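Reader: I have a few questions about this one. Can we go through it piece by piece?

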Amino acid sequence: MKILFTKRQYISIASVAFMLMLWKVLSLYFNSDFILPAPEKTLLTSLKLFTDVGFLATVGVTMARGIIGFILSFVLGLSFGILAGVSPNFNAFLKPILVTIRSTPVVAVILLALIWLSTSSVPVFIALLTMFPFICTNVIDGIKSIDSNLTEMATFYKVNNVRIVKEVYIPAIMPFIISGASSAMGIGWRAIIIGEVLSQPQYGIGTAMQAAQTFLKVDTVIAWTIIAVLISAVFEKLIRWSEKRIVVWKA
Amino acid sequence: MSIKIDNLNKSFEGLTLFNNFSIEFTAGTITCILGPSGCGKTTLLNIIGGLTEPTSGNISGINGQALSYIFQEPRLLAWKTVRQNIEFVLNNAYEEAERKSVAQKFIELVELNGFENYYPALLSGGMRQRVSIARAFAYPSTLILMDEPLKGLDIKLKLNLIRAFARIWQSDKRTVLFVTHDVDEAILLGNDIVVFSQAPIKIVTRKNISEPFAERKMNSTSYNELKVDLLKVLND
């Protein structure tokens with residue numbers, strides 16, 4: 001089998017190679033595993049992590065937190081967004097709340113959540129608070145962008161409201177929902193891991209990172225980071241893939 | 001049953017569009033409404049269609065009846081195919097199986113067979129407008145309102161759409177109110193041509209054309225005489 005790359009893909013591969021090289025050069029310069037271990041050593045550590053007993057539990061629990069946080073944010077963001085999109089009054093009510101949530105530093109929320117909630121629900125709560133505003137704002141923008149000519153047409157032809165929401169509103173805002181979901185996911189994973197680092201639930205990538213850091217196992221910290229990046233990338237791909245499946249009408 | 005409008009009053013942003021205006025439209029014919037732009041032709045359609053409330057007045061002949069509207073823009077749902085766009089408005093009227101065959105029939109009448117499963121983004125402007133014509137006719141209405149659906153299209157496309165429209169109309173001869181400011185469109189499609197004045201609207205003249213569509217030739221003597229006539233009243 002022959003694998004062909006486009007010119008752009010070659011440039012992207014070169015960019016990854018550049019980052020690895022820079023890493024290697026820096027590790028040679030510091031020459032200490034406690035500061036920056038070599039990339040190949042870190043890679044070995046990552047591979048070894050896969051075989052660890054607790055690996056699946058650690059990754060699985062973090063992913064479950066992300067998925068639960070995402071689903072909660074998605075459902076809430078979609079329903080609040082639709083309500084705010086159709087009712088200017090509700091939008092006026094919701095706007096200051098969204099602004100407040102978005103401009104509050106994540107760490108502040110985590111510190112408070114640590115006091116209020118159990119350690120394993122803190123990361124989910126943080127995920128919800130970081131992701132919900134993204135999805136909600138995008139849904140509101142999406143509804144504002146709906147061509148009123150289309151809803152007028154549908155009403156004129158006596159199409160009922162339930163079908164108008166299902167067949168006009170939702171498809172029209174689909175591209176907005178997907179781009180909101182994508183930014184929410186991107187920021188959500190980071191928030192979950194920060195939440196885990198600080199709240200120290202029994203399992204979680206953040207917990208494992210914190211433990212490794214305590215023992216100055218820099219290679220393990222970086223290995224977990226790489227795994228976190230991979231998880232985030234897989235979910236991003238999943239969203240893009242579903243976008244192609246759902247938004248088929250774009251020429 | 002003909003449509004009767006009595007003593008219609010409507011102002012819009014301080015401008016009186018209708019002042020005790022009355023008119024009657026014959027059922028089963030295509031009435032073309034010509035008039036200077038901004039005179040309130042579209043407002044009249046929207047009042048009849050229930051999209052705009054009149055200040056006062058009485059409309060009889062459309063109570064509770066289903067209406068279709070061919071808008072200036074095709075107003076198709078981008079995420080639905082040609083067939084789905086037509087079926088979208090048929091849900092209340094037909095069972096699923098029937099919906100399919102009704103949609104198919106009108107797709108064929110506007111000569112879009114082969115494009116049933118295309119999304120609007122892949123169609124040309126003229127094809128999209130044909131879908132909107134098919135949608136209006138597929139809907140079981142007794143009256144079709146048209147608001148300059150041919151505006152901005154080139155002459156070849158216009159003639160093409162007029163032919164498509166005439167063919168589909170012949171199949172069940174519904175009442176049509178066709179608002180336009182283009183004299184050619186009116187002569188090619190109208191059985192009855194009404195010319196409106198500037199606001200407040202008065203009927204300047206009203207002409208009947210009995211010639212069948214197929215025999216109306218652009219630039220024939222009778223065509224040109226009527227055109228000169230209409231242009232003269234429009235410009236007065």
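Reader: Let's begin with a strand. Which residue stands opposite Ser56(B) in strand 4 of chain B?

Author: Asn9(B) does. Bear in mind that this is a predicted model.

Reader: How many bridges join strand 1 of chain B to strand 4 of chain B, and do they run parallel or antiparallel?

Author: There are four bridges between strand 1 (residues 3-12) and strand 4 of chain B, and the two strands run antiparallel.

Reader: Now the domains. What does the assignment give for chain B?

Author: Domain 1 is 3-65 + 142-235, and domain 2 is 75-141. Their C-alpha centres in chain B lie 25 Å apart.

Reader: Switching to chain A. What span does helix 2 of chain A reach?

Author: From first C-alpha to last, helix 2 (residues 39-51) of chain A reaches 19 Å with its 13 residues, close to the 18 Å expected at 1.5 Å a residue.

Reader: Which residues of helix 2 of chain A are buried?

Author: Thr42(A), Thr45(A) and Leu49(A). Seen down the helix axis, the buried residues of helix 2 of chain A fall within an arc of 55°, so they line one face of the helix.

Reader: What covers them?

Author: The cover includes helix 3 (55-86) and helix 10 (218-246) of chain A. On the other side of helix 2 of chain A, Glu40(A), Leu47(A), Phe50(A) and Thr51(A) are exposed.

Reader: Last topic, the two chains. How many residues are in contact?

Author: 15 residues of chain A are in contact with 17 residues of chain B. Helix 7 (148-156) and helix 8 (161-199) of chain A each give two or more residues to the chain A side. Helix 7 of chain A has the largest share, five residues.

Reader: And what is that side by class?

Author: The side of chain A that touches chain B has nine nonpolar, one polar and five charged residues.

Notes. Residues numbered from 1 in each chain as written. Chains lettered and ligands numbered in written order. Predicted model: local features only at pLDDT ≥ 70, side-chain atom pairs only at ≥ 80, totals over all residues. Domains from an automatic or database assignment. Expected span 1.5 Å × (residues − 1). Buried ≥ 20, exposed ≤ 12 C-beta atoms within 10 Å, placed from the backbone. Arc of directions from axis to C-beta. Contact = placed C-beta atoms within 7 Å. Nonpolar A, V, L, I, M, F, W, Y, C, P; charged D, E, K, R; others polar. Pairing = 2+ DSSP bridges.
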